[in-house]
Protein chains: 2
Amino acid sequence: MPEPDLFRTLADPTRRAVFERLCGKEMSVSELKAGFGVSQPAISQHLAALRGAGLVCERREGRFAYYRAEPQALAPLVDWVDRYRKYWPERLEKLKNVLQDMEP
Amino acid sequence: MPEPDLFRTLADPTRRAVFERLCGKEMSVSELKAGFGVSQPAISQHLAALRGAGLVCERREGRFAYYRAEPQALAPLVDWVDRYRKYWPERLEKLKNVLQDMEP
DNA sequence: GGAACACATAAGTAACGACTTATATTTGGT
DNA sequence: ACCAAATATAAGTCGTTACTTATGTGTTCC
């Protein structure tokens, strides 16, 4: 398995949407499949790719497989983006809002 | 031309490296080519892709073409990343540092 | 005007990536 | 024990993509 790059893993819109949905709540594969216009194997393959990048993890329960997102795995991407924030002062406000939303 | 997705545009390591180098300083194509193990047309093609995504812009001067990065075009990516920052409180410190570096 | 230079575009190729259908594996229910 | 459900894996297909070499376009210098 070739090095899993976050950019490449998230480049596919369907796979990215899968990750986004899993950030909201843990879901089974068939629950995920609903709403996407692709087959179940396609979903499983996207989940395998996301798991390879550490972006999701699986919890088995009987014949069901529940997946949830692991947003910490976005660390390298966050770092990368932050390196270019400084070129971009007009975004300061939005960043401050993000900070405020995070504080209790 | 199909919609230029930032994730997809930045997915290729060589192309991403081109963008990164252009954030440091404006450069000509041949100046860029040095350091990458690919042909000049390959560089030109990456530049065309980056330009299509608004990530770089070109300034012509005689027979030279100088390129520089346009980090503002990262906006959608920054927004996307910020949506997942809130799942990730342990990164608060780093974010604060980023903020501080941006203030005068 | 012509040759060398800087770059872009064209055309071809080989690898990759996202999908499909088909099949295997495990589990639950009857 | 059997059958259906939930998921994973295999194998094949087809479009995309990142490269190559070859060629075109414009510019500078002699």
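From the N terminus on, the elements of chain A follow the order α-α-β-α-α-β-β-α-α. This is a predicted model, in which local features need pLDDT of at least 70, side-chain atom pairs count only at pLDDT 80 or more, and totals for chains, interfaces and linings use all residues. Residues are numbered from 1 along each chain as its sequence is written, while chains are lettered from A and ligands numbered from 1 in the order in which they are written.

### Chain A as a whole

Chain A contains six helices and three strands; helices (H or I, at least four residues) and strands (E, at least two) are DSSP runs, numbered from the N terminus. The radius of gyration of chain A is 16 Å, well over the 13 Å that the globule rule gives for 104 residues, so chain A is more spread out than a compact globule. Here the radius of gyration is taken over C-alpha atoms, and the globule rule is 2.2 Å times the number of residues to the power 0.38. The C-alpha trace of chain A spans about 50 × 35 × 25 Å along its principal axes.

Of the 104 residues in chain A, 24% are buried. A residue is buried if 20 or more other C-beta atoms lie within 10 Å of its own, exposed if 12 or fewer, and partly exposed in between, with C-beta atoms placed from the backbone. Two residues are in contact if their C-beta atoms, placed from the backbone, lie within 7 Å. Among the contacts in chain A with a separation of 6 or more, 52% join residues 24 or more positions apart.

The largest nonpolar core has 38 residues, of which A:Phe19, A:Leu50, A:Val56, B:Phe19 and B:Val56 touch the most other members. Helix H4 (residues 40-52) of chain A gives the largest share of this core, four residues. A nonpolar core is a set of buried Ala, Val, Leu, Ile, Met, Phe, Trp, Tyr and Cys residues joined through C-beta atoms within 7 Å. Not counting residues up to four places away in sequence, A:Phe19 touches A:Leu10, A:Leu50, A:Leu55, A:Val56 and A:Ala69.

In helix H5 (residues 75-85) of chain B, the buried residues are B:Leu77, B:Val78 and B:Arg85. Seen down the axis of H5(B), these buried residues fall within an arc of 100 degrees, so they line one face of the helix. The arc is that of the directions from the helix axis to the C-beta atoms. In H5(A), the buried residues are A:Leu77, A:Val78, A:Val81 and A:Arg85. The buried residues of H5(A) also fall within an arc of 100 degrees when seen down its axis, so they line one face of that helix.

### Where the two chains meet

Contacts link 26 residues of chain A with 26 residues of chain B. On the side of chain A that touches chain B, helix H1 (6-11), helix H2 (13-24), helix H5 (75-85) and helix H6 (92-102) of chain A each supply at least two residues. That side of chain A divides into 18 nonpolar, one polar and seven charged residues. For this division, Ala, Val, Leu, Ile, Met, Phe, Trp, Tyr, Cys and Pro count as nonpolar, Asp, Glu, Lys and Arg as charged, and the others, Gly among them, as polar.

B:Arg16 belongs to helix H2 (residues 13-24) of chain B. B:Arg16 is partly exposed, with 18 other C-beta atoms within 10 Å. Not counting residues up to four places away in sequence, B:Arg16 touches A:Phe7 and B:Leu10.

### The surfaces near the DNA

A residue is near a strand if its C-beta atom, placed from the backbone, lies within 6 Å of it. Of the 24 residues around DNA strand C, A:Gly62, B:Ser28, B:Ser30, B:Pro41 and B:Ser44 come nearest. H4(B) gives the largest share of this surface, six residues. Of the 25 residues around DNA strand D, A:Ser28, A:Ser30, A:Pro41, B:Ser39 and B:Gly62 come nearest. Here H4(A) gives the most, with six residues.
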